Every structure is written in structure tokens, then in C-alpha cells.
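The sequence and model are shown first.

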Amino acid sequence: CKSVPWVRKHTMSWKSSLPPDLVLKPMIESTTKEVHKMLEAFKRREPCKLYFNRPVSATAGADFMRGYLTVIKQPMDLGTVTRKLEEDSKRPADEKHYQFLEDFACDCRQIWKNALVFNEPRGKPEPNKPGSPAYIFDHASKLASDFEAKLAEMHRELEKEAPPCPRLLRARLLLADVRRSPFSEHYRREKDWRKLGDEYVAFLREEMKRPSEPEDLDSITDWLRKVQRQADGEDAGQAAWLVGEAWLAELKRRVVRVCENALAYNQGRQAAGKCAKHLKEAFELRLDSIQTAAEPPPRGARAAEREGGPTFAQKRELLRELHDLSPLDQSRVARQLAKESPRALKPLDGREAGSSKRVRVELDELDAETFARARELAEERARKAVEMDLQDELEEYPQ
């Protein structure tokens with residue numbers, strides 16, 4: 001049977017083709033404690049004390065801030081991250097700033113990226129001394145590398161506690177995390193590299209010996225989705241990638257190539273090159289943990305379909321639609337379904353459904369009308385997400 005995730009109090013439960021709860025690394029109490037420890041260790045470092053623990057506006061004058069905010073659109077600092085964590089301790093799971101470990105990681109990466117972009121060396125080399133842009137730039141890059149190493153250690157420990165989950169699904173989640181990283185801002189979409197013009201394509205062909213068209217994270221996501229369809233028995237054209245998990249090596253090759261292309265092309269523009277470097281670091285470290293994580297046993301025979309209930313194909317399509325939503329939107333859909341069909345609510349820890357901290361919504365328990373409503377809710381949340389993306393693009397590229 002299939003289930004939909006529902007955040008309740010502390011944790012999220014997944015079942016069947018959706019990932020188990022700890023695969024997404026929710027910010028439960030034990031994880032939050034480890035995050036606090038890591039954050040405090042960084043805040044004690046001298047460069048952080050000087051430049052990263054407080055908002056830039058706390059020490060800068062009005063004239064400086066006008067120039068700063070012209071370049072930096074999303075200011076962030078370790079003090080603000082700490083405040084968000086403290087506020088989260090008093091909030092329910094679905095109202096937290098950081099519902100998942102990657103939410104926290106994105107804010108920290110934004111700090112390092114802002115420092116790299118604003119303090120990028122220009123013109124003649126400057127003395128690398130405290131207070132100079134070169135000093136801040138170099139330490140931001142070092143902090144970014146150290147952060148990814150510490151975060152990878154945390155991911156590896158959490159993977160040990162996570163229930164078995166198909167490696168292909170873990171990889172899709174990792175790719176989604178890579179795409180949302182602040183470091184990937186200019187490598188996500190086809191238009192990101194096309195706006196560089198023929199010069200970029202010529203550089204890759206002549207200097208990097210890349211005869212094919214450049215890739216981006218969206219095109220890699222589409223390819224991996226096709227591999228998933230083959231794993232589900234729907235796309236024979238991708239069958240070769242499943243032999244010996246050839247898709248895993250190909251995924252690494254494609255993502256690393258995107259980063260290496262950016263590194264090589266942006267060597268004269270150091271901030272962009274550093275962003276590509278740290279994106280590659282984060283991806284490779286996480287990929288290592290995926291390769292050693294526990295997997296479930298092979299699937300058994302498909303359960304018989306309930307008369308009058310949703311078909312296997314309908315459930316699979318709904319789960320795909322939910323998978324493409326953000327965790328918060330998934331939770332909203334699942335909560336609404338639980339209200340409309342209480343009998344579909346099942347506890348995972350032996351308690352009554354009303355008091356259990358870990359619950360799931362069984363799709364097989366939904367009647368046809370409620371199941372159709374689930375599809376409508378998923379499509380509605382997807383439309384709103386697209387509208388927000390379009391609004392972001394209009395703000396980023398005003399006419």
C-alpha cells in the first residue's frame with residue numbers, strides 16, 4: 001500500500017516509494033542539538049567573530065549598506081541563524097524556519113556566498129590582512145569547505161539511523177538539495193548558461209573538449225527522472241542505466257561536469273569559481289554517504305488493488321506529484337487528507353492515531369472522491385510554486 005507524508009508534532013513518516021522520515025533529515029530534537037554544537041563551534045572562530053556572527057548592518061554605515069544591498073539581495077549571518085533555531089524550539093514542526101537539515105544548510109551557505117561575491121578580489125592583488133576584502137574572501141571560502149565537511153559527517157551519522165530507502169530515490173533528493181543550494185544559483189537552468197552566449201559554448205568545446213551541448217541541473221534532474229521511470233517499469237529507453245547502477249556513476253559525472261565547466265570558465269571571476277567549487281564539494285561528500293546507506297530488500301509482488309479504490313497507476317502518479325512539492329506543501333496536502341478521511345490516518349508507534357507523534361495517511365483507505373481531491377490539492381500547490389518561481393524570475397530579471 002502507498003502513503004502520503006504528514007508532519008505531526010516532531011517527525012514525518014513516509015512509506016513505500018516515498019522516502020522514510022529520516023532520509024529527509026527533519027530537525028528533530030537530537031538533530032537540532034548537533035546543529036547547535038556545530039554552529040557554536042563556527043561562531044567561536046576568529047573570522048566569524050569579526051565578520052559573520054552579526055548582520056553587516058550592525059556595524060556598517062548607511063552609505064556602505066546602500067552599496068552592499070545593491071550587490072547582496074539576501075543578507076544572512078550566523079547570529080540570525082542562531083535566532084531562527086531558538087525560535088524553532090517553540091514552534092510546531094510545520095511552522096519552523098528550519099524543518100529539515102538542508103534548510104539550515106542553505107542559510108549558512110548564503111553567508112559564505114555573500115562574503116565571496118561582495119569581497120571578490122578585483123584589479124591588483126591586495127594585502128591579505130584582517131579587514132581587507134582578500135582576507136574576508138579567503139576565510140569565507142575556507143569556512144565554506146569546513147562547513148561542508150562537518151555537515152557531511154552529520155549526514156553520515158543520520159544515515160545510520162535512517163530506515164532503508166532506494167538509492168535512486170536518495171539520489172533524486174540529493175540532486176534537489178544541490179539545485180536549491182545558494183551556490184547553484186547560476187547553474188540550474190538552461191537559460192543560465194545560454195545568457196553567456198556563444199563564447200561559453202566555444203570555450204567548452206575548444207578548451208574543455210566538450211563536444212556536446214552544456215548541461216544544467218534541470219536537465220540532469222529530467223534525465224534522472226527518466227531513469228526512475230525505468231526503475232518503475234515505464235521507460236525501456238533508460239534500461240541500460242539500471243545495469244550495475246550505471247546511473248550512479250553517470251549522475252556523478254554529469255553534476256561534476258557542470259561544476260568543472262563553471263570552475264574553468266570563471267577562473268578570472270573568482271567568486272563564481274569558488275561557488276562552483278563548494279557546490280562540487282557538497283555534492284561529492286553527500287554522494288559518498290548515499291553509496292553506503294542501507295537499502296530496502298527487493299520489492300515483492302504487487303498488492304491486489306481494492307475494488308472502488310485508486311489504481312496502482314493512480315497512486316504512483318499522485319506520489320510523483322507530491323514528490324515534486326516542497327516538504328511543507330506535502331505536509332499541507334497530507335493534513336487536509338487526514339481531516340477529510342480520518343480512517344486513513346495510521347500510527348507508526350503503536351499509539352492511538354490522535355496521540356501518535358509519527359503517523360501516515362494510507363492512500364488505499366481513501367475513497368475515490370477524497371483521492372481525486374488529493375490530486376486537486378497537489379496540482380494546486382504545484383501551481384502556486386510555479387507562480388512563486390515566476391515571480392522570483394521577474395524580480396531577478398526585470399523587464
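A disulfide is defined here as a pair of cysteine sulfur atoms within 2.5 Å. The model is predicted, so local features need pLDDT of at least 70 and side-chain atom pairs count only at pLDDT 80 or more, while totals for chains, interfaces and linings use all residues. Residues are numbered from 1 along each chain as its sequence is written, and side-chain values use heavy atoms, with hydrogens and water left out.

**Cysteines**

Under the disulfide rule, the count is 0 disulfides. The sulfur of C106 has its closest cysteine sulfur in C108, at 9.5 Å, which is too far for a bond. C108 is accordingly in no disulfide, with the sulfur of C106 as its nearest cysteine sulfur. C106 is buried at a relative accessible area of 10%, and C108 is buried at 2%.

**Overall composition**

Helices (H or I, at least four residues) and strands (E, at least two) are DSSP runs, numbered from the N terminus. The protein chain comprises 15 helices and 3 strands. Of its 399 residues, 47% are buried. Contact means heavy atoms within 4.5 Å. Among contacts between residues at least 6 apart in sequence, 72% join residues at least 24 apart.

**Aromatic pairs**

Rings of Phe, Tyr and Trp (its six-membered ring) pair if their centres lie within 6.5 Å; planes under 30 degrees apart count as stacked, over 60 as edge-to-face and the rest as tilted. The structure holds 13 aromatic pairs. One of them joins Y51 and F52, whose ring centres are 6.4 Å apart with planes at 75°, so this pair is edge-to-face. F104 and F147 form a tilted pair, with 6.0 Å from centre to centre and 50° between the planes. This second pair links distant parts of the chain, since F104 belongs to helix 5 (residues 101–118) and F147 to helix 6 (residues 133–161), 43 residues apart.

| Residue | Relative accessible area | Class |
|---|---|---|
| Y51 | 24% | partly exposed |
| F52 | 5% | buried |
| F104 | 1% | buried |
| F147 | 2% | buried |

One aromatic cluster is formed by F42, Y51, F52, Y98, F104, W112, Y135 and F147. Apart from neighbours within four places in sequence, Y135 is in contact with P47, Y51, N128, K129 and P130. The C-alpha atoms of Y135 and P47 are separated by 9.0 Å, although these residues are 88 apart along the chain.

E46 is in helix 2 (residues 46–52). With a relative accessible area of 45%, E46 is partly exposed. Its C-alpha atom is separated by 10.0 Å from that of H139, 93 residues away along the chain.

**Packing of helices 10 and 11**

Two packed helices are described by the angle between their axes and the distance between the axes. Axes are lines fitted to C-alpha atoms, for helices over the stretch in contact, and angles run from 0 to 180 degrees between N-to-C directions. The axes of helix 10 (residues 217–231) and helix 11 (residues 246–265) come within 11 Å and cross at roughly 175°. Angles under 35 degrees count as roughly parallel, over 145 as roughly antiparallel, 65 to 115 as roughly perpendicular and the rest as oblique. Helix 10 and helix 11 are therefore roughly antiparallel to each other. Helix 10 contributes I220, W223, L224 and V227 to the contact, and helix 11 contributes W247, E250, L251, R254, V255 and V258. These residues divide into 8 nonpolar, no polar and 2 charged, where Ala, Val, Leu, Ile, Met, Phe, Trp, Tyr, Cys and Pro count as nonpolar, Asp, Glu, Lys and Arg as charged, and the others, Gly among them, as polar.

Q228 is also found in helix 10. Its relative accessible area of 11% makes Q228 buried. Leaving aside neighbours within four places in sequence, Q228 is in contact with L168, L169 and R172.

**A positive phi**

Most residues other than glycine have a negative phi. K209, which is not a glycine, has a positive phi of about 55°. K209 is placed in the loop between helix 9 (198–206) and helix 10, and at 64% relative accessibility it counts as exposed.

Methods:
Buried < 20%, exposed > 50% of the residue type's maximum accessible area, 1.4 Å probe, protein only.
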